[in-house]
Amino acid sequence: LSYVTVRHIGGNLNDHFDPRNNSISLSDPVYDAPTIAAVGVAAHEAGHAVQHAEEYGPIRFRNALVPVVQFASNLAMPLLPVRYTFFITAGIILFSLTTLFQLVTLPVEFNASARALKAIDQTGMLTEEERAGAKKVLQAAAMTYLAAAFTSLLSLLRLLLIAQRRNRD
């Protein structure tokens with residue numbers, strides 16, 4: 001994807017692909033770093049760029065959810081402590097959108113990592129031993145997304161149980 005630019009940004013763990021300007025932003029520990037982890041992260045972000053170019057369904061759905069989830073997440077928590085059932089229910093519904101977003105993110109991230117490993121294999125940029133290291137880095141990153149989705153599901157369940165208890169009281 002020759003139209004995608006790669007740029008250096010400060011910070012740590014804020015690497016990302018921005019579809020608005022077709023750029024991959026790589027943080028200090030990744031940009032220009034000769035490490036296996038940096039190659040894995042950069043290839044993963046390139047995987048997101050390819051997802052956008054190919055109009056990969058899950059990323060299109062996830063991107064459509066972004067403004068809705070931003071709105072919902074700002075409103076959900078202030079509504080939950082209110083005593084009226086309508087507002088509690090509305091807060092839970094809004095919070096459930098963030099859980100949906102976390103779940104939709106999983107296939108997007110797993111696919112970007114799979115694309116990264118495929119690109120690493122096709123280009124031969126890493127040895128087999130190095131590839132195994134990059135795969136471990138990508139799997140560890142994927143587990144953070146899995147943990148976030150699981151945490152969101154448990155939080156939603158907790159909110160539902162609290163609401164149910166309030167309705168009984």
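Arg166 sits in helix α4, residues 128-168; helices here are DSSP runs of H or I with at least four residues, numbered from the N terminus. This is a predicted model, where local features need pLDDT of at least 70, side-chain atom pairs count only at pLDDT 80 or more, and totals for chains, interfaces and linings use all residues. Residues are numbered from 1 along each chain as its sequence is written, and side-chain values use heavy atoms, without hydrogens and water.

Arg166 is partly exposed, at 33% relative accessibility. Buried means under 20% relative accessible area, exposed over 50%, and partly exposed in between (1.4 Å probe, protein chains only).

The largest nonpolar core has ten residues, including Leu79, Phe95 and Leu156. Such a core is a set of buried Ala, Val, Leu, Ile, Met, Phe, Trp, Tyr and Cys residues joined through side-chain atoms within 4.5 Å. Helices α2 (57-79), α3 (85-123) and α4 each supply at least two of its residues. The largest share, four residues, comes from α3.

Next, the charged pairs. The structure holds three salt bridges, each a side-chain nitrogen of Lys or Arg within 4 Å of a carboxyl oxygen of Asp or Glu. Glu54 pairs with Arg115, with the closest N and O atoms 2.9 Å apart. Glu54 is in the loop between α1 (36-53) and α2, and Arg115 is in helix α3, 61 residues apart. Asp121 and Arg131 also form a salt bridge, at 2.5 Å from N to O. Asp121 lies in helix α3 and Arg131 in helix α4, so this pair ties together parts ten residues apart in sequence. Asp121 is partly exposed at 42%, while Arg131 is buried at 16%.
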